[in-house]
Amino acid sequence: MRKFELIAPCHFGMEAVLKREIIDLGYDVTEVTDGRVTFFGDEEALCRANIFLRTAERVLIKIGSFHAETFEELFQGTKELPWEEYIPADGRFWVAKAGSVKSKLFSPSDIQSIMKKAMVDRLKSIYHVNWFEESGISYPVRVFLLKDEVTVGLDSTGESLHKRGYRKLVAKAPIAENLAAAMIMLTPWKRDRILVDPFCGSGTIPIEAAMMAANIAPGMKRSFTAMQWENVVQKEIWDDAFSEAEDLVDLQVETDIQGYDIDDKMVAIARENAQLAGVSSLIHFQRRSVQELSHAKKYGFIITNPPYGERLEDKEALPDLYQAIGERFAGLDAWSLYVISAYEQAERYIGRKADKNRKIYNGMMKTYYYQFMGPKPGNGRRG
């Protein structure tokens, strides 16, 4: 099988979770940088990474890297890359996104334009044509510039991996599916433990937890750009990867996963999304306020994305809201609390300092993941 160096971008702050996922899939990680993890794999790895990774944004085939401080260096470096190994004569190709950090070249539109010209220049000489129809399959390219080092990747995914295909209806401020999955994976929660999200919105956190509990691969119900690249990955390899995912599903698992929301409409949306995800039997959704949060059993987990007060009129309600979270948490026996929030007074009103606090970028918004860890069952240690 053909070997690739693959790049998986992710949310800033979630690199360690993604690295663990890639290693658990059986692949060797070669580099971890801010917002992405690089690893080696073959055609099967490309398919399995797209289907099974819960916390990645997408999977790129690394075409190459080089140093560029001028547009001429960018042009020549791009032209030297082996584009013909991936893009056929009728392929449709373009630089879908360019990012630049601490580099002399920083204009995305100029970077995209110059790289496209360089790609055309090389492929003209390889295919002996003067014009590209670009009437065939799509081959989108993504490029990162960091301190004048250019990394070029071919996007095998298409729509971001956070789009699992189940979330047809969303809340006002939904959390991305891959970020919700990463939040859960940063906790010791396992499928035999209780999980409650008292601000469930469209149901993303409970649904991601239920998918983990039932071994449902996040990419099982969607397609990927590279599924059309039969010159790069054979259809049979995709078929085998999807079959592997189907064989692992276990909907007979017993769970105690609950989602509350104060808005009836959101509860209805969450139920519909869970149905689309195939996990409605594993989650109990109900209309309920955080003030009503209670559970008779021990060692449960609250994992939640409460309001941050993005609008000025909402900010006034935040002290009472976060105080209610703290009070209800204190009333539970040996539970753990995990809260993602941009609200800087979260710990103050919850009523205690978090055991751990991780900075995470939710899109462009800086948030903190506050981790209040309860004891593990049976030994009194935290977790």
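A salt bridge is counted here when a side-chain nitrogen of Lys or Arg lies within 4 Å of a carboxyl oxygen of Asp or Glu. The structure above is a predicted model, in which local features need pLDDT of at least 70 and side-chain atom pairs count only at pLDDT 80 or more, while totals for chains, interfaces and linings use all residues. Residues are numbered from 1 along each chain as its sequence is written, and side-chain values use heavy atoms, with hydrogens and water left out.

With the salt-bridge rule applied, the model holds 16 salt bridges. One of them joins glutamate 159 to lysine 163, with 3.4 Å between the closest N and O atoms.

Other bridges reach across the chain. Aspartate 250 and arginine 191 meet through their side chains at 4.0 Å, N to O. These two residues are 59 positions apart and link distant parts of the chain: aspartate 250 sits in the loop between helix H7 (235-248) and strand E9 (256-261), and arginine 191 in the loop between helix H5 (177-185) and strand E8 (194-197). The helix and strand names follow DSSP runs numbered from the N terminus (helices are H or I with at least four residues, strands are E with at least two). Aspartate 250 is partly exposed at 26% relative accessibility, and arginine 191 is partly exposed at 36%.

A second pair of this kind is arginine 122 with glutamate 84, whose side chains form a salt bridge at 2.8 Å, N to O. Here 38 residues separate the partners, with arginine 122 in helix H4 (residues 108-127) and glutamate 84 in the loop between helix H3 (71-79) and strand E5 (92-101). Arginine 122 has 19% relative accessibility, so the residue counts as buried, whereas glutamate 84, at 24%, counts as partly exposed. Contact means heavy atoms within 4.5 Å. Leaving aside residues up to four places away in sequence, arginine 122 touches Lys79, Glu80, Leu81, Pro82, Trp83 and Glu84. Salt bridges can also be joined up, and Arg58, Arg142 and Asp155 are linked in such a network.

Not counting residues up to four places away in sequence, proline 9 touches Leu18, Gly35, Arg36, Ala56, Glu57, Arg58, Leu60 and Phe144. Proline 9 belongs to strand E1 (residues 3-9) and is buried, at 10% relative accessibility. From proline 9 to proline 174 there are 165 residues in sequence and 20 Å in space, C-alpha to C-alpha.

Another strand residue, arginine 92, lies in E5 and is partly exposed, with a relative accessible area of 38%. Arginine 92 and serine 138 stand 46 residues apart in sequence, and their C-alpha atoms are 4.7 Å apart in space. Serine 138 is among the residues that arginine 92 touches, together with Glu134, Gly136, Ile137 and Tyr139, when residues up to four places away in sequence are not counted.

Helix H6 (residues 204-213) is mostly covered, and 10 of its 10 residues are buried. Among them are Thr204, Pro206, Glu208 and Met212. What do the buried residues of H6 pack against? Their packing partners are H5, E8, E9, helix H8 (264-277), strand E10 (283-287) and strand E11 (301-304). After H6 comes asparagine 215, which has a positive phi near 55°.

Helix H8, one of those partners, contains leucine 276. Leucine 276 is partly exposed, with 36% relative accessibility. The residues touched by leucine 276 are Tyr166, Lys168 and Lys221, not counting those up to four places away in sequence. Serine 243 is 33 residues from leucine 276 in sequence and 20 Å away in space, C-alpha to C-alpha.

Methods: Buried < 20%, exposed > 50% of the residue type's maximum accessible area, 1.4 Å probe, protein only.
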